[in-house]
Amino acid sequence: MNATVAMITTRGLLGRRRIWLLVPLPLLLIGLALIARATGAEPADWGEGIIGGLGFTAVLPVIALIVGTGVLGSEIDDGTITHILSKPLPRSEIIFTKLGVATGVTALFAGVPLFIVGLIAGDAAVAFALVVGAVVGSLAYCSLFVLLSVVTRRPVLVGLAYVVLWEGVLGNILTGTQKLSVQQYVQAIVDALAPSDLLHGNVAVPLSCVMAGVFTVASTAYAVQRLRTLSVAGETG
Amino acid sequence: MSTVDLQHVSRWYGNVVAVNDVTMTLGPGVTGLLGPNGAGKTTLLHMMSGFLAPSRGTLTVDGAPTWRNPDVYRSLGLVSERESVHGFLTGKEFVLASAKLFRLANPEEAARRALALVEMEPAQDRRIETYSKGMRQRIRVAAALVHEPSVLLLDEPFNGMDPRQRFHMMDLLHKMGDDGRTVLFSSHILEEVEQVSGTVQVMVSGRLAASGEFRTIRRLMTNRPHVFTIRSSDDRRLAVALMAQDSVAGVDIDATGLQVRASDYGTFTRALPRIALKEGVRVRRLLPADESLESVFSYLVGAR
């Protein structure tokens with residue numbers, strides 16, 4: 001981690017207008033949970049839909065997508081990355097710092113509302129498990145989206161395709177793809193930490209832990225490799 | 001003292017050759033890299049900066065390759081063509097961040113010195129997004145100089161600068177050159193580099209077309225043929241007088257005025273006021289023909 005890179009990255013991320021897109025999703029999550037409770041429904045009835053269906057299917061991956069591509073993709077896009085690349089810094093240090101900032105911000109924006117929703121459901125153990133799930137998910141998703149930022153010029157589009165098509169559509173039709181889905185790992189881990197009627201895991205817990213780790217390490221290692229050979233193209237000859 | 005060495009460096013994108021077999025050695029002092037837009041200057045500078053791999057050939061700074069070698073930035077300062085900066089930082093924060101990223105022993109002092117060098121202290125606490133183009137350029141130069149590199153590469157540093165800023169920047173570059181640093185800047189505007197005293201490398205269509213003392217190239221530049229359009233109080237009288245000049249190759253008269261083909265830009269522009277005065281003709285308008293830079297450069301190449 002490099003403090004200066006972290007400072008520039010954080011200020012760049014929170015200073016962009018795009019960051020305000022992050023605010024409605026957590027509010028929606030908490031709002032729906034409050035409405036559900038106000039109508040007198042049992043948490044077991046709405047937990048799966050709001051926590052699994054909205055929280056882990058939409059809120060966490062979308063926040064991770066905006067933040068994960070924002071920490072590096074935007075800088076590559078507007079060319080400011082050259083100021084960081086033209087310094088004698090190991091490329092791994094740059095990637096680790098970017099990933100660290102992205103994971104922290106994502107975990108904050110997704111973890112806090114999930115924790116509150118867990119409390120609304122009346123189960124503190126679940127609330128803490130949801131925070132752990134949010135942190136694990138933030139790390140895995142952000143490593144993927146940081147990698148996409150150095151691999152493609154359209155990281156948001158490719159990332160969205162992964163979240164919507166692979167995890168969302170295919171994950172519901174073909175159970176096989178669930179074994180390659182961050183969302184499923186997170187749900188399995190939360191379910192294992194605090195078994196409840198709120199959320200059910202579809203993938204074995206040891207597999208989830210290992211795969212989440214493999215996902216993160218492999219993506220990060222490849223991202224470092226790609227940053228070493230990132231060509232900065234000129235606008236004119 | 002540092003040397004940038006290029007041996008048969010080429011770079012192509014698919015079928016397009018951007019840089020074609022360039023060999024040059026840059027030593028201490030100021031060197032201008034001139035050429036029209038699209039000549040391959042930026043591609044060449046990107047390769048020198050380690051942002052792009054040469055397709056063929058070797059490119060080293062003091063013997064070390066620049067590609068995939070971040071350590072080379074300890075002795076390399078870069079000012080890229082794209083003026084993208086982290087606009088949310090103040091000028092001082094930006095330069096200080098650079099100093100810290102270079103892991104300098106005393107980043108505050110280094111930043112203060114660099115800001116003084118480019119005369120940016122009065123605006124150092126404003127956010128960069130509020131800066132004018134020339135100020136942005138200077139703050140980027142300060143960030144590139146903060147670690148006192150032995151090699152400084154600048155892509156189109158005079159873009160968007162007014163004449164006073166340009167003069168100051170050129171002065172700064174020369175001071176750095178006199179200190180024994182290797183300074184290379186690119187430009188596509190010949191007139192921009194008038195005060196340069198060092199050597200010049202001219203690139204045209206990816207190739208190194210001419211290189212040498214600036215004075216020699218400069219003479220070729222001012223002696224180039226040129227077409228002028230003139231309106232005066234008595235076009236015909238002026239035409240007769242002009243035809244007597246050695247520096248005039250031909251004159252056409254039509255409804256829009258005189259078209260003068262001068263064989264020597266410098267001599268003609270000095271002679272015209274004298275002739276007009278002598279003949280009692282009032283020159284109302286003198287327009288140099290819209291001459292493309294490409295034609296100037298190809299003239300230089302042909303005259304080598």
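User: In this predicted model, what share of the contacts in chain B between residues at least 6 apart in sequence join residues at least 24 apart?

Analyst: The share is 67%. A pair counts as a contact when the two C-beta atoms, placed from the backbone, lie within 7 Å. Chain B contains 9 helices and 14 strands, and its C-alpha trace spans about 70 × 45 × 35 Å along the principal axes. Of its 304 residues, 43% count as buried.

User: How is chain B divided by the domain assignment, and how far apart are the C-alpha centres of the domains?

Analyst: The assignment gives residues 4-221 as domain 1 and residues 223-303 as domain 2. Their C-alpha centres are 37 Å apart.

User: What makes chains A and B partners in contact, and how many residues of each take part?

Analyst: The criterion is again a C-beta separation within 7 Å. By it, 23 residues of chain A are in contact with 28 residues of chain B. The element giving the most to the chain A side is helix α1 (residues 3-15), with 5 residues. By class, that side holds 12 polar, 6 charged and 5 nonpolar residues.

User: Why are the buried residues of α1(A) said to lie on the same side?

Analyst: The buried residues of α1(A) are A:Thr4, A:Val5, A:Ile8, A:Thr9, A:Gly12 and A:Leu13. They cover an arc of only 155° around the axis, and therefore they sit on the same side of α1(A). Their cover includes α3 (43-78), α4 (81-85) and α5 (91-120) of chain A, together with α2 (91-101) of chain B.

User: What makes a set of residues a nonpolar core, and which members of the largest one touch the most others?

Analyst: The members must be buried residues of the nonpolar types Ala, Val, Leu, Ile, Met, Phe, Trp, Tyr and Cys, joined through C-beta atoms within 7 Å. The largest core has 137 residues, and those touching the most other members are A:Ile63, A:Val146, B:Val95, B:Ala142 and B:Val146. Helix α6 (residues 124-151) of chain A supplies the largest share of this core, 15 residues. Leaving aside residues up to four places away in sequence, B:Val95 touches B:Ala111, B:Ala114, B:Leu115, B:Ile139, B:Ala142, B:Ala143 and B:Val146. Another core, of 13 residues, lies apart from the largest one; among its members are B:Phe228, B:Val248, B:Phe268 and B:Leu272.

User: Why are the buried residues of α7(B) said to line one face of the helix?

Analyst: Helix α7 (residues 235-243) of chain B has B:Leu238, B:Ala239 and B:Leu242 as its buried residues. Viewed down the axis of α7(B), the buried residues fall within an arc of 105°, so they line one face. They pack against β11 (226-232), β12 (248-254), β13 (257-262) and α8 (265-279) of chain B. On the other side of α7(B), B:Arg236 and B:Val240 are exposed.

User: Where do B:Glu119 and B:Ser205 lie, and what is the phi of B:Glu119 and of B:Ser205?

Analyst: Most residues other than glycine have a negative phi. B:Glu119, by contrast, has a positive phi, near 55°, and B:Ser205 has a positive phi near 45°. B:Glu119 is in the loop between α3 (107-117) and α4 (133-145) of chain B, whereas B:Ser205 is in the loop between β9 (199-204) and β10 (207-213) of chain B.

Technical notes. Residues numbered from 1 in each chain as written. Chains lettered and ligands numbered in written order. Predicted model: local features only at pLDDT ≥ 70, side-chain atom pairs only at ≥ 80, totals over all residues. Helix = DSSP H or I, 4+ residues; strand = E, 2+ residues; numbered from the N terminus. Nonpolar A, V, L, I, M, F, W, Y, C, P; charged D, E, K, R; others polar. Domains from an automatic or database assignment. Buried ≥ 20, exposed ≤ 12 C-beta atoms within 10 Å, placed from the backbone. Arc of directions from axis to C-beta.
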